[in-house]
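Dear colleague,

Please find below the structure that I am handing over to you. My notes on what was found in it follow directly after.

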Amino acid sequence: MKSHHRTRQIRPLPDCNCLAIVIAPADPASPAAFLPAPTTTYQGALLTILPGTDLEIFPLNLGGNPFGWTADEATTHAILDAFVDAGGNVIDTADSYSAWVDGHVGGESEALIGSWLSARGNRDQVLVATKVAKKPDRMGLAHDNVVAALDESLARLHTDHVDLYYGHFDDETVPVQDQAQTFHSLVEDGKVRAVGLSNYSPDRLRAWCEFASREGLTLPAALQPRYHLLARQTYESDYAPIVADFPMAVFSYPALASGFLTGKYRSATDLEGRARGGAAGRYLEAGGLRVVDVLVRISSAYAVAPATVALAWVLAKGVSAPIASVSRVDQLPALMAAATLQLSSEDLAALDEASLGF
C-alpha cells in the first residue's frame with residue numbers, strides 16, 4: 001500500500017495562523033502553470049485565496065444540484081453538516097437547480113441551503129456561490145433580470161449577500177461589456193463579494209476580462225469550466241491561456257463526470273434507472289472505461305476510492321477546487337480525502353495517457 005496522506009484529519013477552517021507557501025508548477029506548459037497557486041495550508045490541505053478577495057477556499061466545492069432532487073431537506077442538511085465538519089467551506093448552487101425535475105421551477109437547491117443556513121446560524125463560516133441565467137422564469141443576463149434574480153436568490157438563501165455570483169451561461173444577446181457593468185454594480189451594492197463566469201466561449205470570456213480590466217471594473221475571480229479526466233482538451237487548449245492572462249480561481253465541473261469516474265458504472269446495465277444514467281452513459285459509449293480501469297488500479301494501490309483519485313488528478317493539474325456533489329452523507333468522505341491525496345508522478349502520467357483524446 002502506498003503512503004500518501006499527510007493527514008486524514010481535516011477540521012473546519014480556523015481563525016489561526018496558516019503557513020504561507022508558494023508552489024511553482026513543474027511543467028510550465030501544463031494547465032497548472034496558468035492557475036493561481038495555493039497560498040496556505042491547513043491540516044495538509046492546500047487552500048487558495050480567491051483572486052481579488054481575502055476569501056480562503058478549501059480544495060473542494062460541494063455541488064448543490066442534488067439538493068431538492070436526489071437529496072431531500074433532511075439529507076441535504078446532513079450532507080452540509082458533514083461537509084463543514086470535515087473542513088469544507090464552499091457551497092456551489094444555481095437559481096435553476098432543479099428546474100429539470102417534473103414539478104420543479106428552480107430555486108429548490110437554494111431554498112434548502114437557505115433553510116440550513118438559518119437553522120445552523122453559520123452564514124459567516126461558509127462561502128455561498130450561486131448562478132444566474134438558466135432559471136426558466138429568469139433566463140438570460142439582461143441587467144434588470146440579473147438584479148431581480150439575485151434578490152430572489154438572496155431571499156431563498158436567507159442571506160443579504162452571496163460570496164461568488166456566476167453568469168451561469170453566456171447570454172449572447174447582451175454585450176459582454178453590459179454584463180460586466182451589471183455584475184460590477186452588484187459588487188458595488190454589497191450584494192456580491194466576487195464574480196464568476198461559466199459556459200462562455202473563449203472569445204467572449206477574454207472580451208469580458210479585457211473590458212473589465214480596461215475600465216477598472218470587477219474582474220472575474222473564478223472560472224467554472226468543464227474539466228475532468230474525460231473532458232480535457234477544450235479547457236487545456238482554449239481556456240487555460242486566458243487564466244494565464246487574467247488570473248482566476250478555477251472550479252471545474254462535473255469533476256466526477258456525472259458519477260462515471262466513481263467506477264460504479266461499468267456496463268449499460270449499471271446505468272439503468274439511475275438519475276444520472278443518461279449523462280454518465282455518454283462516457284461509457286466514448287470509451288471512458290479505459291480511464292476508469294486505470295483509476296481503479298491506482299485507487300487500489302492507495303487504498304482509496306476511484307473518486308478520490310479522479311479529484312486528486314484535477315487538483316494536481318492546478319485546479320483550485322473541483323466541484324463534486326453527493327446525494328448521501330456516506331459518499332462524502334471519498335471526496336474530502338482528495339484534499340490530501342498526493343499522486344505520484346508515475347500515477348499522474350498513467351492517468352494522463354489513459355485520458356488522451358478526451
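**Findings**

Thr 93 lies in the loop that runs between strand 6 (90-92) and helix 2 (108-120). Please note that the model is a predicted one. With a relative accessible area of 0%, Thr 93 is buried. Apart from its neighbours within four places in sequence, Thr 93 has contacts with Ser 109, Glu 110, Ile 113, Ala 129, Thr 130 and Lys 131.

One of these partners, Glu 110, deserves a description of its own. Glu 110 belongs to helix 2 and is likewise buried, its relative accessible area being 0%. If residues up to four places away in sequence are not counted, Glu 110 touches Thr 93, Ala 94, Asp 95, Thr 130, Ser 153, Arg 156 and Leu 157.

How is helix 2 placed against helix 3 (residues 143-157)? Their axes come within 6 Å and cross at roughly 45°. From helix 2, the contact involves Glu 110, Ala 111, Ile 113, Gly 114 and Leu 117; from helix 3, Ser 153, Arg 156 and Leu 157 take part. Sorted by class, the residues of this contact are 4 nonpolar, 2 polar and 2 charged.

A second pair of helices is described next. Helix 9 (residues 289-302) packs with helix 12 at an angle of about 165°, and the axes are 9 Å apart. Helix 9 is thus roughly antiparallel to helix 12, because angles over 145 degrees are counted in that way. The crossing of these two helices is left-handed. On the side of helix 9, the residues that meet helix 12 are Arg 290, Val 291, Val 294, Leu 295, Arg 297, Ile 298 and Tyr 302. Helix 12 contributes Asp 347, Ala 350, Leu 351 and Ala 354. By class, 8 nonpolar and 3 charged residues form the contact of helix 9 with helix 12, with no polar residue.

Ser 345 is also part of helix 12, which spans residues 345-354. Is Ser 345 buried or exposed? Ser 345 counts as exposed, because its relative accessibility is 53% and the cut-off for that class is over 50%. Between the C-alpha atoms of Ser 345 and Ala 316 the separation is 9.8 Å, while the two residues are 29 residues apart along the chain.

I turn now to the interior. In soluble globular proteins, nonpolar side chains tend to be buried together. In this model, the largest nonpolar core has 93 residues, and those with the most contacts inside it are Tyr 165, Trp 208, Leu 261, Leu 335, Leu 343 and Leu 351. Helix 10 (residues 306-316) supplies the largest share of this core, with 8 residues. A separate second core, of 16 residues, includes Leu 50, Val 90, Ala 221 and Tyr 253.

Tyr 165 has contacts, beyond its neighbours within four places in sequence, that include Thr 130, Lys 131, Val 132, Phe 183 and Gly 196.

Lastly, some figures for the chain. The chain holds 12 helices and 12 strands, and buried residues account for 56% of its 358 residues. Of the contacts between residues at least 6 apart in sequence, 75% join residues at least 24 apart.

With kind regards

Notes: Residues are numbered from 1 along each chain as its sequence is written. This is a predicted model: local features need pLDDT of at least 70, side-chain atom pairs count only at pLDDT 80 or more; totals for chains, interfaces and linings use all residues. Side-chain values use heavy atoms; hydrogens and water are left out. A nonpolar core is a set of buried Ala, Val, Leu, Ile, Met, Phe, Trp, Tyr and Cys residues joined through side-chain atoms within 4.5 Å. Buried means under 20% relative accessible area, exposed over 50%, partly exposed in between (1.4 Å probe, protein chains only). Helices (H or I, at least four residues) and strands (E, at least two) are DSSP runs, numbered from the N terminus. Contact means heavy atoms within 4.5 Å. Axes are lines fitted to C-alpha atoms, for helices over the stretch in contact, and angles run from 0 to 180 degrees between N-to-C directions. Angles under 35 degrees count as roughly parallel, over 145 as roughly antiparallel, 65 to 115 as roughly perpendicular and the rest as oblique. A crossing is left-handed if the near helix is turned anticlockwise from the far one by less than a right angle, and right-handed if clockwise. Ala, Val, Leu, Ile, Met, Phe, Trp, Tyr, Cys and Pro count as nonpolar, Asp, Glu, Lys and Arg as charged, and the others, Gly among them, as polar.
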